[in-house]
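Trainee: Could you walk me through how to read side-chain contacts? I'd like the general idea and then the real case.

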Amino acid sequence: AQALWGCRTEHLTEDDVPVTRLCFPQPLKRGEQAHFAAEVVHDTDPNDPRGWASVDVDSYGIDAGELRNGLLPVSGLTIRVRFDDDSLPAAVWWYAELNERERHVEPPAGSPRRLKVFGGGVSKTFEKPCQPRESYGIAFNWS
């Protein structure tokens, strides 16, 4: 991961899994806000048909998401995933407040949790506040 704006990265290993923690210049106090952007480049394992981009909230929470003009995220949490043009997933969906097993369960066709790949990518702005000690993300299936 690379910090792009308003944060720095800290690379860790938790349970033999590489994790990147985004850190603000100073700890936030209750009621304070921070704005940041980061980029992660991830190579998928061709033997694993599943994947995901996840954010674990470990602060006081994140405000509800808001898009200006329906396009530009100006509040809350937005996750964007860009795929290689020659390797698009078969299905993509968002999840919120689910455990690791549940986030891999593909919702049925027509579910509002399904996302359409457009221009090689997807994005999701979480309209409701994100709660502390919960995970939010985008999952995908290659098969």
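Predicted model: local features only at pLDDT ≥ 70, side-chain atom pairs only at ≥ 80, totals over all residues.

Trainee: How many salt bridges does a search of the whole structure find?

Mentor: Five. One of them joins Arg21 and Glu14, at 3.4 Å from N to O. Another pairs Arg8 with Glu10, whose closest N and O atoms are 3.7 Å apart.

Trainee: And which residues do salt bridges with shared partners join into one network?

Mentor: Glu127 and Lys124 form a salt bridge too, with 2.9 Å between the closest N and O atoms. The network, though, is made of Arg8, Glu10, Glu14 and Arg21, joined through salt bridges that share partners.

Trainee: How do I read accessibility for those residues?

Mentor: Arg8 has 45%, so it is partly exposed. Glu10 is partly exposed as well, at 27%. Arg21 comes in at 33%, again partly exposed, and Glu14 at 38% gets that label too.

Trainee: What about Glu127, buried or exposed?

Mentor: Glu127 counts as exposed, because its relative accessibility is 51%. Its partner Lys124 has a relative accessible area of 7%, so Lys124 is buried.

Trainee: Which rings does the charged end of Lys124 sit over?

Mentor: The general test is that a charge sits over a ring if NZ of Lys or CZ of Arg is within 6 Å of the ring centre and within 35 degrees of the ring normal. Here, the charged end of Lys124 sits over the ring of Trp94, 4.2 Å from its centre. It also sits over the ring of Phe126, 5.7 Å from that ring's centre.

Trainee: Now ring against ring. What's the rule there?

Mentor: Rings of Phe, Tyr and Trp (its six-membered ring) pair if their centres lie within 6.5 Å; planes under 30 degrees apart count as stacked, over 60 as edge-to-face and the rest as tilted. By this rule the model has six aromatic pairs.

Trainee: Why is the pair of Phe83 and Trp142 called edge-to-face?

Mentor: Because the planes of Phe83 and Trp142 stand at 90°, with the ring centres 5.8 Å apart. The two are 59 residues apart, so to speak of where they sit: Phe83 is in the loop between strand 8 (78-82) and strand 9 (91-96), and Trp142 is in the segment after strand 11 (134-141), which makes this a link between distant parts of the chain. Strands (E, at least two residues) and helices (H or I, at least four) are DSSP runs, numbered from the N terminus.

Trainee: Which other residue forms an aromatic pair with Trp142?

Mentor: Phe140 does, also edge-to-face, at 5.5 Å centre to centre and 75° between the planes. Phe83 is buried at 6% relative accessibility, and Phe140 is buried at 6%, whereas Trp142 is partly exposed at 23%.

Conventions:
Residues numbered from 1 in each chain as written. Heavy atoms only, no water. Buried < 20%, exposed > 50% of the residue type's maximum accessible area, 1.4 Å probe, protein only. Salt bridge = Lys/Arg side-chain N within 4 Å of Asp/Glu carboxyl O.
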